Amino acid sequence: MAGTNSERELLTEGPAIILAYPQLGENIGMVARAMANFGLSELRLVNPRDGWPNEKARSAASRADHVIDSAKLYGTLEEAIADLHFVYATTARDRDGYKPVRSPIVAARELRQRFKSGQGVGIIFGRERTGLTNEEVALADEIVTFPVNPAFASLNLAQAVLLMSYEWMKTGMESEDETSFQAIEQRPATKEHLQGLFDHLEDALDARNYFRSADKRPKLVENLRAVLTRPSFSESEIQVLRGVISSLDRFTRENPRGSGVPDDSSKRRGRKVQGGGDND
């Protein structure tokens, strides 16, 4: 599956994800996949309607087998949270009561702090169709709710778990700007490389009578160079562009690359092509 790498560290920590009376096995599998994406691994299931184990769940998990295989089954929600010290209940509906209501990022920070101190923590998610009852919400310490469209606030089960798992992952990063991989560092092109590109392109355009009016040529060249100096090219990017120009210079639509001997008129003009990147 794209994005998986068995040679890298598999993160398996964090709060327990507790699904209260889930219905479809496929939804449980998608929850497991969302958890695995962001390093969570402890899945607790309260009396799933379609039973457990469930092959549809495994299939939908898309190889998050470590989450599926270690999932724990409970008969009641009370049993599922009995060993935990602090629990959030997720809901999109207004609730009567006195429980604090937190945003996902605030809730994730609280969970991270308590988890690091050695406390058992968890997040409760309700049924796909009706969510959690008031009695079930009452079992939690606090409520977490998502900033969604108030007129269309319903999230599916895996979406809700994904959002909380993402916020959990962010709290463990050194910076919110951190990414899992970086672009390969490129060596900036020297002015010599850039001048070579100018000369190469202008020579190719001259051969095709692009600069049709001698009095307009200086301004056209100025505009062309202004465009090409804006991107701050790397050496490899210059080579790519030179290769494109060389290909256009040597091959025509009537005689494309691979059709035979290319047009060597550029060589007959005596122009030296540097770093052209031809692949013939």
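**Close-up views of helix packing and selected residues**

**Figure 1. Packing of helix 1 against helix 7.** The crossing between helix 1 and helix 7 has a right-handed sense. In this predicted model, helix 1 spans residues 25-37 and helix 7 spans residues 157-171. Their axes lie 8 Å apart and form an angle of about 15°. With angles under 35 degrees counted as roughly parallel, helix 1 and helix 7 are therefore roughly parallel to each other. On the side of helix 1, the contact involves Asn27, Met30, Val31, Ala34, Met35 and Asn37, which meet Leu157, Ala158, Val161, Leu162 and Ser165 of helix 7. By residue class, the contact of helix 1 with helix 7 comprises eight nonpolar and three polar residues, with no charged residue.

**Figure 2. Packing of helix 8 against helix 10.** The axes of helix 8 (residues 191-207) and helix 10 (residues 235-250) come within 10 Å of each other and cross at roughly 15°. Helix 8 and helix 10 are therefore roughly parallel to each other. The crossing in which helix 8 passes helix 10 is left-handed. Helix 8 contributes His193, Leu194, Gly196, Leu197, His200, Leu201 and Ala204 to the contact, and helix 10 contributes Glu235, Ile238, Leu241, Arg242, Ile245, Ser246 and Asp249. Seven nonpolar, four polar and three charged residues make up the contact of helix 8 with helix 10.

**Figure 3. Aspartate 203 of helix 8 and its distance from aspartate 249.** Aspartate 203 belongs to helix 8. Its relative accessible area is 23%, which places aspartate 203 among the partly exposed residues. Between aspartate 203 and aspartate 249 the C-alpha to C-alpha distance is 9.6 Å, although the two are 46 residues apart in sequence. Aspartate 249 is one of the residues of helix 10 in the contact with helix 8.

Figure 4. Phenylalanine 115 is located in helix 5, which covers residues 104-116. With a relative accessibility of 28%, phenylalanine 115 is classed as partly exposed. Leaving aside residues up to four places away in sequence, phenylalanine 115 touches Glu13, Gly14, Val121 and Trp168. One of these contacts, with glycine 14, bridges 101 residues along the chain. The C-alpha atoms of phenylalanine 115 and glycine 14 are 6.9 Å apart.

Figure 5. The relative accessible area of threonine 91 is 9%, and the residue is buried. Apart from residues up to four places away in sequence, threonine 91 is in contact with Ile143, Val144 and Thr145.

**Figure 6. Backbone geometry in the loop between strand 2 and helix 2.** Most residues other than glycine have a negative phi, and most peptide bonds are trans. The peptide bond from tryptophan 52 to proline 53 is cis, and its omega is near 0°. Proline 53 occupies the loop between strand 2 (43-46) and helix 2 (55-60). Asparagine 47 is also found in the loop between strand 2 and helix 2. The phi angle of asparagine 47 is positive, near 45°. Asparagine 47 is partly exposed, and its relative accessible area is 46%.

**Figure 7. Tyrosine 21 in the loop between strand 1 and helix 1.** Tyrosine 21 lies in the loop that runs between strand 1 (16-20) and helix 1. A positive phi, near 55°, is found at tyrosine 21, a residue other than glycine. Tyrosine 21 has a relative accessible area of 21% and is partly exposed.

**Figure 8. Overall view of the protein, for orientation.** The protein contains 11 helices and seven strands. Of its 280 residues, 38% are buried. Among contacts with a separation of 6 or more, 81% are between residues 24 or more positions apart. The protein exposes about 17400 Å², and 50% of this area is supplied by carbon and sulfur atoms.

Technical notes
Residues are numbered from 1 along each chain as its sequence is written. This is a predicted model: local features need pLDDT of at least 70, side-chain atom pairs count only at pLDDT 80 or more; totals for chains, interfaces and linings use all residues. Side-chain values use heavy atoms; hydrogens and water are left out. Axes are lines fitted to C-alpha atoms, for helices over the stretch in contact, and angles run from 0 to 180 degrees between N-to-C directions. Helices (H or I, at least four residues) and strands (E, at least two) are DSSP runs, numbered from the N terminus. Angles under 35 degrees count as roughly parallel, over 145 as roughly antiparallel, 65 to 115 as roughly perpendicular and the rest as oblique. A crossing is left-handed if the near helix is turned anticlockwise from the far one by less than a right angle, and right-handed if clockwise. Contact means heavy atoms within 4.5 Å. Ala, Val, Leu, Ile, Met, Phe, Trp, Tyr, Cys and Pro count as nonpolar, Asp, Glu, Lys and Arg as charged, and the others, Gly among them, as polar. Buried means under 20% relative accessible area, exposed over 50%, partly exposed in between (1.4 Å probe, protein chains only). Accessible areas come from the Shrake-Rupley method with a 1.4 Å probe; for residues, only the protein chains shown count as cover.
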